[in-house]
Amino acid sequence: MKLFLDTADTNIIQSFAQLGVVDGVTTNPTHLSKAGGDPLKHIQTLCAMLPNGQISVQITESDPAAAYAQARKIAELHKNIVVKVPCHEKYYTTIHQLVTHHIPVNVTLVFTTLQGLLMAKLGVQYISILVGRIDDSSNDSTRTIQDLRALIDSNNYKSMILASSIRTVGQFHDAMLAGAHAITMPPEIL
């Protein structure tokens, strides 16, 4: 199982990197803006800190063609970057193009098993199930992970489930036992 930190704070990442327990980080535009400075340089710093880890970096463009161009530029920053793209039908063609060009993709904002299945069929590397937000809506994130894992395994899809939006140690525990391939969480939870 892979464990990722959901932060762009270099001091925190360095302390966990020295322990050898994290496999990378997931960032978002908010994390990068809090870090300050040039976000592209910050991303390259994160990649240098975890040379064998994966760094998820999210697109910010809303137009699909512009999002594709931005995703390509993000991927070119470093070999261990995984491009985060929201799970929205307007991006399905963009996601398909990225996967076809062998660019690792982490599809975020996945709330249902059906959305996850579509992303697995597209061949993305990670399907980010938003555990905290699913639970907030009185749905069962554990069941979503279990059902999607069963579909991935029975159809031999290569995509991995990345449990995200983890807010409690209990959610971390439940996602782990439900069959998530990877979990990203705030440093305080880890």
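Student: How are α1 and α3 oriented to each other?

Tutor: This is a predicted model. In it, the axes of helix α1 (residues 10-19) and α3 cross at roughly 10°, and angles under 35 degrees count as roughly parallel. The two helices are therefore roughly parallel to each other. Their axes come within 10 Å.

Student: Which residues in α1 and α3 meet?

Tutor: From α1, Thr10, Ile13, Gln14 and Ala17. They meet His42, Thr45, Leu46 and Met49 in α3.

Student: What does α3 lie across?

Tutor: Helix α3 (residues 39-49) lies across β2 (24-26), β3 and β4. Its direction is at about 160° to β3.

Student: OK, strands then. What do they make, and in which order do they run?

Tutor: A closed barrel of eight strands, in the order β1-β2-β3-β4-β5-β6-β7-β8, with parallel pairing. From one strand to the next, the twist averages 30°.

Student: Take β4. Is it buried or exposed?

Tutor: Strand β4 (residues 81-86) is mostly covered, with six of its six residues buried. Ile81, Val83 and Val85 are buried on one side, and Val82, Lys84 and Pro86 are buried on the other.

Student: Why do the residues split into two sets like that?

Tutor: In a regular strand the side chains alternate between the two faces of the sheet.

Student: How many bridges pair β3 and β4?

Tutor: Four, in the parallel sense, with β3 covering residues 54-58. Ser56 stands opposite Val82 in β4. Between β3 and β4 the chain passes through helix α4 (residues 64-75), and this β-α-β crossover is right-handed.

Student: And what joins β4 to β5?

Tutor: Four bridges, and β4 runs parallel to strand β5 (residues 105-110). Here Val85 stands opposite Val107 in β5. With helix α5 (residues 92-100), β4 and β5 make a right-handed β-α-β unit.

Student: Which residue stands opposite Val107 in β6?

Tutor: Ile127. β5 and strand β6 (residues 126-130) pair in the parallel sense over three bridges. Helix α6 (residues 113-122) packs on the sheet there, touching β5 and β6, and its direction makes about 165° with that of β5.

Student: Jumping to the other end: what does β8 pair with?

Tutor: Two bridges join β8 to strand β7 (residues 160-164), which runs parallel to it. Strand β1 (residues 2-6) is also parallel to β8, joined to it by four bridges. In β8, Ala182 is the bridge partner of Leu162, while Ile183 is the bridge partner of Leu3.

Student: Are the faces of β8 covered or open?

Tutor: Both faces of strand β8 (residues 182-185) are covered. Ala182 and Thr184 are buried on one side, Ile183 and Met185 on the other.

Student: Which helix goes with β7 and β8?

Tutor: That is α9, and together they make a right-handed β-α-β unit.

Student: At what angle do α8 and α9 pack?

Tutor: Helix α8 (residues 141-154) and helix α9 (residues 169-178) pack at about 20°, with their axes 9 Å apart. That angle makes α8 roughly parallel to α9. Their crossing is right-handed.

Student: Which residues make that contact?

Tutor: Thr142, Ile145, Gln146 and Arg149 of α8, together with Asp174, Ala175 and Ala178 of α9.

Note on methods:
Residues numbered from 1 in each chain as written. Predicted model: local features only at pLDDT ≥ 70, side-chain atom pairs only at ≥ 80, totals over all residues. Heavy atoms only, no water. Buried < 20%, exposed > 50% of the residue type's maximum accessible area, 1.4 Å probe, protein only. Pairing = 2+ DSSP bridges. Right-handed = clockwise from strand over helix to strand, strands pointing away. Axes fitted to C-alpha atoms, helices over the stretch in contact; angles between N-to-C directions. Parallel < 35°, antiparallel > 145°, perpendicular 65-115°, else oblique. Left-handed = near helix turned anticlockwise from the far one by under 90°. Contact = heavy atoms within 4.5 Å.
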